[in-house]
Amino acid sequence: MEHSDVDPTAQVEDRDYEAALRPKRLTEFEGQPRVREQLGLVLDAARHRGTSPDHVLLSGPPGLGKTTLAMIIAAELGVNLRISSGPAIQHAGDLAAILSGLDEGEVLFLDEIHRLSRPAEEMLYLAMEDFRVDVIVGKGPGATAIPIELPPFTLVGATTRAGLLPGPLRDRFGFTAQLDFYDAADLAGIVAGSAAKLGVPIDSHSQGEIARRSRGTPRIANRLLRRVRDFSQVKGHPEVTRDVARAALELYEVDERGLDRLDRAVLDVLTRLFDGGPVGLSTLALSVGEEIETVAEVAEPFLIREGLLVRTPRGRVATRAGYAHLGRRPPAANPALFD
Ligand SMILES: Nc1ncnc2c1ncn2[C@@H]1O[C@H](COP(=O)(O)OP(=O)(O)OP(=O)(O)O)[C@@H](O)[C@H]1O
């Protein structure tokens with residue numbers, strides 16, 4: 001079976017499900033209190049002045065609520081939201097078409113903004129600063145730039161890698177919100193809210209059980225909730241209790257710390273076949289039968305965050321905590337192991 005984060009069918013289902021569960025207003029957005037307060041202020045101030053707010057950059061790992069916040073910004077301002085993404089904009093002309101189609105005050109959400117092409121990025125500088133684009137007509141020495149005025153709009157950019165954004169682009173955002181992983185209490189609140197929206201009777205122990213296994217990520221919390229709901233419905237349980245939640249999560253191979261099959265396979269191979277490492281990423285990926293990107297972008301960041309694996313210049317190395325998680329004893333003879 002493919003890993004759930006890269007399984008395309010899972011993603012299609014998840015999209016519908018996510019849309020239904022998205023909080024619509026800032027007050028419904030759980031957690032991230034600082035971001036909520038700061039953003040609330042930016043929006044209130046703009047409303048007061050009757051102008052468009054500054055451009056907003058949302059940065060943070062996948063599934064923490066960047067798209068949700070972009071939708072909330074538009075809803076709070078009572079304006080339309082247009083959505084596109086860095087990879088979808090191949091040429092500067094594509095961006096010019098999107099920008100010149102905006103109505104006054106609208107919010108443009110550009111996901112994965114760090115993946116914009118260079119010419120599109122440069123066009124965006126001018127659009128963000130002067131509400132203007134220069135469309136180049138013709139080629140070579142005869143080419144001329146035709147300026148097109150744009151109505152004031154608010155750009156909401158989202159990136160998983162703020163560090164990859166060129167300085168000039170980053171500087172043109174008046175407000176940057178850095179989203180952090182959620183704590184278990186906030187995630188339990190998100191699970192409770194989603195369960196209520198889905199009409200799933202669930203006790204508070206199960207909410208906590210799901211929250212603890214969600215890797216600090218609302219998208220994962222919602223996904224696990226859906227699996228627990230499937231399980232309890234099919235098995236005929238009238239309410240999700242702790243035992244039901246545990247049995248469901250065990251069936252889906254999500255352990256008490258939130259590691260799934262792939263995470264455990266990576267740790268298992270690293271400790272069993274390679275004596276704890278160091279071992280190169282491609283060898284590791286090959287050994288677990290997964291794509292390099294999946295191991296690098298899905299499993300590894302979480303294992304590193306949990307202190308179970310370390311990335312070194314010579315390769316990936318298991319930590320003593322990694323061994324302990326699998327119930328194994330680290331080899332005394334490997335000096336590369338981390339505590
Ligand atoms: N603070 C929150 N409160 C309640 N639900 C949330 C919150 N943040 C995210 N969610 C839920 O988690 C899911 C994923 O959120 P969203 O799509 O906004 O993440 P994202 O950061 O844009 O991810 P990606 O970058 O991968 O697109 C949605 O279903 C959303 O409803």
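Trainee: At roughly what angle do the axes of helix α9 and helix α10 cross?

Mentor: This is a predicted model, in which local features need pLDDT of at least 70, side-chain atom pairs count only at pLDDT 80 or more, and totals for chains, interfaces and linings use all residues. Residues are numbered from 1 along each chain as its sequence is written. The axes (lines fitted to C-alpha atoms over the stretch in contact, with angles from 0 to 180 degrees between N-to-C directions) of α9 (residues 218-234) and α10 (residues 242-251) come within 9 Å. They cross at roughly 110°.

Trainee: Which residues of α10 does α9 meet?

Mentor: Contact requires C-beta atoms, placed from the backbone, within 7 Å. From α9, the residues involved are L224, R227, V228, F231 and S232. Their partners in α10 are V244, A245, A247, A248, L249 and L251.

Trainee: Is T67 buried or exposed?

Mentor: T67 is found in helix α3 (residues 66-77), and the UniProt annotation "binding site", from an unreviewed entry, covers it. Beyond neighbours within four places in sequence, T67 is in contact with D111 and A158. The cut-offs are 20 or more other C-beta atoms within 10 Å for buried and 12 or fewer for exposed, with partly exposed in between. Because T67 has 21 C-beta neighbours inside 10 Å, it counts as buried.

Terms used:
UniProt positions renumbered as here; feature names shortened; annotations may be inferred. Helix = DSSP H or I, 4+ residues; strand = E, 2+ residues; numbered from the N terminus. Contact = placed C-beta atoms within 7 Å.
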